[in-house]
Amino acid sequence: MPDVIDPAALADENENEETSRRNFLGKIGVGACAAAMAGSVVLTLDYLNPKVLFEPASRFTAGSAGDYGEGTVRFHKEQKTFVIGGPAGIWALSAVCTHLGCITRHLSDEGVIACPCHGSRFDLEGNVIHGPAPRPLPWLEIQTDAAGNLMVDTSVVVPKGKVFRA
Amino acid sequence: MNLQRPGAIAEYIRGSAVWKSIVRHGPPDTNRNRALIVFENLFLHVHPVKVRERTLKFSHTYWLGGVTLVATAVLFVSGILLMFYYHPSVPLAYRDMKELAFVVDNGLFLRNLHRWGAHLMVIAAFLHMLRVFYHRAYRPPRQFNWVVGVVLMSLTLGLSYTGYLLPWDQLAYWGVSVGTNMVREAPFLGEKIRFLLLGGNVVSANALLRFYVLHCVVLPVALILFVSVHVWRIRKDGGVQGPYRPDEETGEES
């Protein structure tokens, strides 16, 4: 009997509608709070990410090519870089140990680069000759500036063997 | 009123409106009052009102959790006192540490107390964890408290590690250089986490400040929160569990 309306059923339906509206608004409220929380997490992470760093510049002048005769090893302390003169030319090595980041030292009487923290040793081309260092010291890019001085960029790694020839 | 009578002053104080507004129960002369003393006090209510006598024996828990908690309290007090002299900045940090050691009255004592307290806290927490493990106290119903304990162990090590940088000497600098290079090896996010932790690519003034804030605010607040849950859960899970006793498999309070 479709034309007979049961008042009880109607009341139920109204109530259901009421409940679902309340549910809907409740969900919007919870959703808005969740979105605000997620937003604040993103904002906080972004805030904690520094925009300007007052760290040494990655490019630095390392003197002229004439300063690096065969067998010269010069340590540039601020940039943590060795600039080394060999028979074929000049190359730059990162002085940061590939094990856990200590700064290595050149031991001139033994002709090796050694790390004081855990005893890693490297030859002058950066190859590991004694662990625990897992990788060789990276070679860094050398270019010249307008005046002909060597410019080393510690942020650019070049393949091993790519020596700079004056 | 005759205040000459023995106990009259104590009685007078107990009867005053101020005392009654703070302490609502009577003197501990009945079992009811003795129980009220525990659960009407914020600091004691985490503790069970009654405990079995054997749980108080030294060999039951070796008091290792308690030792850790007392070490933590000592570290909070001595740490707050050290903060009155210490500046977390590159030119001042090492100087302040030397000032504490050589100039400030009792500074060396407080600094060493903080240092040895920190060692004790790590050692006692670790032994406590072993004790709980060997007594099978990580089992239901205490499995959640074991998880809270693992979080507390991480917080303890985090506090120990962030405090290590603050003297800003060679040991601190290289210790943190090495430690944060280990973070780098974490999959995918390693580099990013290290950058956020240090506030840069190298251990610098930013790193010192960040470690200071973590050491003095973030981690201690987290520690207080988790310790509160941990101690409260001991009571809720049926008190401290001592050596494993097969007859207690029923899960009855031990």
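Two residues are taken to be in contact if their C-beta atoms, placed from the backbone, lie within 7 Å. By this criterion, in the predicted model, the contact between the two chains takes 12 residues from chain B and 9 residues from chain A. On the side of chain B that touches chain A, the most is given by helix H9 of chain B (residues 170–183), with 5 residues. The residues of this side of chain B comprise 7 polar and 5 nonpolar ones, and no charged residue is found there.

Chain A contains 10 strands and 1 helix. Chain A has 166 residues, of which 20% count as buried. When contacts in chain A between residues at least 6 apart in sequence are considered, 37% of them join residues at least 24 apart.

Strands of a sheet pair through backbone hydrogen bonds, and the pairing may be parallel or antiparallel. In chain A, 6 strands form an open sheet with antiparallel pairing, and their order across the sheet is S1-S10-S9-S4-S3-S2. The edges of the sheet are held by strand S1 (59–64) and strand S2 (73–76) of chain A; each has a single partner strand, so one side of each is left without a neighbour in the sheet. From one strand to the next, the twist averages 35°.

Two packed helices are described by the angle between their axes and the distance between the axes. Helix H5 (residues 64–83) and helix H7 (residues 107–134) of chain B pack at an angle of about 155°, and their axes are 8 Å apart. Because angles over 145 degrees count as roughly antiparallel, H5(B) is roughly antiparallel to H7(B). The two helices, H5(B) and H7(B), cross in a left-handed sense. Where H5(B) meets H7(B), the residues of the contact divide into 15 nonpolar, 8 polar and 2 charged.

Terms used
Residues are numbered from 1 along each chain as its sequence is written. Chains are lettered from A and ligands numbered from 1 in the order in which they are written. This is a predicted model: local features need pLDDT of at least 70, side-chain atom pairs count only at pLDDT 80 or more; totals for chains, interfaces and linings use all residues. Helices (H or I, at least four residues) and strands (E, at least two) are DSSP runs, numbered from the N terminus. Ala, Val, Leu, Ile, Met, Phe, Trp, Tyr, Cys and Pro count as nonpolar, Asp, Glu, Lys and Arg as charged, and the others, Gly among them, as polar. A residue is buried if 20 or more other C-beta atoms lie within 10 Å of its own, exposed if 12 or fewer, and partly exposed in between; C-beta atoms are placed from the backbone. Axes are lines fitted to C-alpha atoms, for helices over the stretch in contact, and angles run from 0 to 180 degrees between N-to-C directions. Angles under 35 degrees count as roughly parallel, over 145 as roughly antiparallel, 65 to 115 as roughly perpendicular and the rest as oblique. A crossing is left-handed if the near helix is turned anticlockwise from the far one by less than a right angle, and right-handed if clockwise. Two strands pair if DSSP finds at least two bridges between them.
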